[in-house]
Amino acid sequence: DYLFRVGGSLGFDSRDGWSNPSQGWWAEADAWKTGGPLPGDGDFWTLNLDGRRFQPSFSGHTIVLSQLLTLQSGRINKELPQYMDYHLGGANTLRGYTVDDLGHDLFGPQQLLSTVEYRVPLVEPTEITVFGMSADLGLGGTLFVDGGLAWTKSDEFSFDRARFGAGGGLRLLLPAVDMTRLEVGYGQQGWVVHFATFSKMRAQRLRSR
């Protein structure tokens with residue numbers, strides 16, 4: 001398919017750092033029109049409402065609150081391509097599950113993802129030189145709780161259909177990729193190991209599971 005879109009966004013950023021913030025707000029609202037009067041395939045609107053709060057705690061610890069709401073217009077396989085819906089499960093939507101666990105039942109063009117993380121610094125970022133190349137590397141620990149829901153029809157937007165996962169892990173802080181995560185989450189199917197790059201809040205906007 002050829003998808004042409006036009007849109008815009010409005011944001012607010014008061015974080016004290018972009019890669020590993022410890023305090024401040026990050027919020028963004030964006031709307032996009034795909035197809036319709038534009039050339040190419042598809043004919044739908046997309047709205048993202050994304051908010052994150054970084055709250056400092058004691059001894060350099062940080063509490064992170066995040067919520068992402070995505071709404072799309074159009075019918076799947078009609079105005080909206082099938083691959084533009086959301087299947088939940090994985091390191092960047094609902095930790096403690098895989099896409100194979102949830103994706104066949106919990107999917108749709110709309111999604112609501114909520115996350116609470118408790119971040120603990122283990123090793124402060126320190127400059128390390130390897131083969132003449134220098135970079136600041138650090139290590140942190142994380143405890144998390146994720147919740148999520150995806151739906152198509154309005155009557156599918158129900159708390160009974162929501163799923164939740166919890167767990168913990170390590171964050172290797174890397175300047176080039178924000179962070180690399182190794183996490184273990186627990187959901188209804190048991191324990192699941194996740195390995196991913198970027199923070200969960202950033203990666204979920206990339207449609208990466």
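**Surface patch, buried charges and overall fold**

Valine 193 has a relative accessibility of 59% and therefore counts as exposed (over 50% is exposed, under 20% buried, and in between partly exposed, with a 1.4 Å probe and protein chains only). The model is predicted, so local features need pLDDT of at least 70 and side-chain atom pairs count only at pLDDT 80 or more, while totals for chains, interfaces and linings use all residues. Residues are numbered from 1 along each chain as its sequence is written, and side-chain values use heavy atoms, with hydrogens and water left out.

Valine 193 sits in strand 11 (strands are DSSP runs of E, at least two residues, and helices are runs of H or I, at least four, numbered from the N terminus). On the surface, Val193 belongs to a nonpolar patch with Leu182, Val184, Tyr186, Trp191 and Phe195, and together they have about 690 Å² of accessible area. Strand 10 (178-187) and strand 11 (190-197) each give two or more residues to this patch. Patch members have over 30% relative accessible area and no salt bridge, and nonpolar side chains (Val, Leu, Ile, Met, Phe, Trp, Tyr) are joined within 5 Å.

Turning to the whole chain, there are two helices and eleven strands. The radius of gyration is 18 Å, close to the 17 Å of the globule rule for 209 residues, so the chain is as compact as a globular protein of that length. That radius is taken over C-alpha atoms, and the rule is 2.2 Å times the number of residues to the power 0.38. Of the 209 residues, 38% count as buried.

Charged pairs come next. The chain has 13 salt bridges, each a side-chain nitrogen of Lys or Arg within 4 Å of a carboxyl oxygen of Asp or Glu. One of them joins aspartate 43 and lysine 33 (2.5 Å, N to O). Aspartate 43 lies in strand 3 and lysine 33 in strand 2 (residues 24-35), so this pair ties together parts ten residues apart in sequence. Lysine 33 is buried at 12% relative accessibility, whereas aspartate 43 is partly exposed at 33%.

Glutamate 117 and arginine 95 also meet in a salt bridge (3.1 Å, N to O). Glutamate 117 is in strand 7 (residues 110-130) and arginine 95 in the loop between strand 5 (86-87) and helix 1 (99-102), so the pair links parts 22 residues apart in sequence. Arginine 95 is buried, at 0% relative accessibility. Salt bridges with shared partners join Arg95, Glu117, Arg119, Asp146, Arg181 and Glu183 into one network.

Technical notes
Patches are made of residues with over 30% relative accessible area and no salt bridge: like charges are joined within 9 Å, nonpolar side chains (Val, Leu, Ile, Met, Phe, Trp, Tyr) within 5 Å. Accessible areas come from the Shrake-Rupley method with a 1.4 Å probe; for residues, only the protein chains shown count as cover.
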